[in-house]
Amino acid sequence: MIDVLKKNRWQKTRLKNVAKINHASLAASTFPEFVLRYLEISNVNYNGIISEHKIQRIHFSSAPSRARRIVRDGDIVISSVRPNLQAIALISSAFDNLIASTGFYVVSPNKSKLFSEYAYYFFVSEKSKQFFESVAKGVGYPAVDDKDFMNHSLCLPEIKEQKSIARYLNKNCASIDTTISIKQKQLKTLEALKKSIIHKAVTQGLDDGVGMKDSGVAWLGKIPKHWKVKILKRDFQVTLGKMLQSQPKNELETEEYYLRSANIKWDGVDISNVKKMWFSPMEKEKLKLESEDLLVSEGGDVGRSSIWNEELQDCYIQNAINRIRPRLGQSSNLFLYYWLYTLKHNGYIDAIVSRITIAHLTAEKLEKLIYLSPPLSEQVCISSHLKQKTTQIEKLKKNIVKQIETLELYRRSIIHECVTGKRRITEKDLKEP
């Protein structure tokens, strides 16, 4: 690296020598009714883009005590807390005269030594990310202190070359970001298609020519005339899991794996982080999971569901999960899974759960959910159709996600190469379309 920089005639310096840090703040005597635009860390995403519509406009008298740092056009704001998240943004004239949280460092480049757009790319580079992570102190929410931040080492070309590098990165990163945006829209389109396919199949079936009748439920409208509207407990048994128990109560209890709400995902049970607690022989007999059990989150993201496919040999459930099994083999858990998917994604489940404190889909509420019941053979046919269709959609989505990840890695790579001198920018680079 040093040989590259020497060859390029770049100069090594420290941030404090080429920029002012937090140099302007609101005075305590500011007029109480002064309206300020308050920039919080939540307004800045990983790519440094500010969510303008979320920036609060508040009076100085009601502003948080940490709302003090003045931010102007050309400044860079960098979160001092949890640097691995890289909440970094270059402030343009559209966002001029913001007041930032003291959770940000506000960097005002010396224009004769450091070009603002180049500085932004330097701060979002892997080099800076690794430095900030290495010096951050604290547990849970590690932060970079003032001394380490101001002594951050930079290797800078002359201003003219900084501007060329920034122009090159602006052009290429904009192209990458546009492609990523298109692919993110494709993901949304596929997700909307998935919801539509599932909704139609579980409310109208697969035969477009079947006779229909009024369901008696306003938001459902008409349903196949041979289907029944029931409440869930008519066809299914609901069992709530066990409360957490960190210590054994007697010598008969054993420590076993259990699932939490966090393990329940729509695309399957996540066993990457499964914990253990103590169960009695009676609890194990009652709560042991069996193949094709339907698991529904009681807390957290209420209603989120998974089908258990024996991902672990012996596993049980905590009381943040309801387990569902069909009664008398007259219903399909997989069909019910898709039904719950529709109820969750059309807002029905969220509307019925209590939100006075924390939302809970209790066993009692789950048992009372309305449920459309086709004949079992038709439930199996619909479930098979939906599994095939949704598997195809999820495969497409995964491919697109991989493409996005590759593009993001390429974006990071060219930024790193440019701000470390590994890639020299020529006039030809700037002229290429």
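Me: Let's start with a strand pair. What joins strand β19 to strand β22?

Reply: Strand β19 (residues 294–297) and strand β22 (residues 321–326) run antiparallel and are joined by 4 bridges. Two strands count as paired if DSSP finds at least two bridges between them, so with 4 bridges these two qualify. Within the pair, Leu-295 stands opposite Arg-323 in β22. Strands here are DSSP runs of E with at least two residues, helices are runs of H or I with at least four, and both are numbered from the N terminus.

Me: Before we go on, what kind of model is this?

Reply: It is a predicted model, in which local features need pLDDT of at least 70 and side-chain atom pairs count only at pLDDT 80 or more, while totals for chains, interfaces and linings use all residues. Residues are numbered from 1 along each chain as its sequence is written, and side-chain values use heavy atoms, with hydrogens and water left out.

Me: Thanks! What makes β14 and β20 edge strands?

Reply: The open sheet has 4 strands in the order β14-β22-β19-β20, with antiparallel pairing. β14 (236–240) and β20 (305–307) each have a single partner strand, so one side of each lacks a neighbour in the sheet. On average, neighbouring strands of this sheet are turned by 25 degrees against each other, direction ignored. Helix α8 (residues 333–345) packs on the sheet and touches β14, β19, β20 and β22, where contact means heavy atoms within 4.5 Å.

Me: Why are α6 and α11 called roughly antiparallel?

Reply: Helix α6 (residues 159–204) packs against helix α11 (residues 376–419) at an angle of about 170 degrees, and their axes are 10 Å apart. Angles under 35 degrees count as roughly parallel, over 145 as roughly antiparallel, 65 to 115 as roughly perpendicular and the rest as oblique, and that makes α6 roughly antiparallel to α11. The contact residues divide into 25 nonpolar, 6 polar and 9 charged.

Me: How do you know that Lys-200 and Asp-208 form a salt bridge?

Reply: A salt bridge is a side-chain nitrogen of Lys or Arg within 4 Å of a carboxyl oxygen of Asp or Glu. The closest N and O atoms of Lys-200 and Asp-208 are 2.8 Å apart, so the pair meets the rule. By this rule the count comes to 20 salt bridges. Another joins Asp-314 and Lys-288 (2.9 Å, N to O). That pair links distant parts of the chain, 26 residues apart: Asp-314 lies in the loop between β20 and β21 (316–317), and Lys-288 in the loop between α7 (281–287) and β19. There is also a salt bridge network linking Glu-191, Lys-194, Glu-394 and Lys-397.

Me: Why is Asp-208 called exposed, and what is Lys-200 called?

Reply: Buried means under 20% relative accessible area, exposed over 50%, and partly exposed in between (1.4 Å probe, protein chains only). Asp-208 has 65% relative accessibility, so it counts as exposed, whereas Lys-200 at 34% is partly exposed.

Me: What makes Arg-411 buried?

Reply: Arg-411 is found in helix α11, and its relative accessibility is 11%, so it counts as buried. Leaving aside neighbours within four places in sequence, Arg-411 is in contact with Asn-47, Tyr-120, Cys-173, Ile-176 and Asp-177.

Terms used: Axes fitted to C-alpha atoms, helices over the stretch in contact; angles between N-to-C directions. Nonpolar A, V, L, I, M, F, W, Y, C, P; charged D, E, K, R; others polar.
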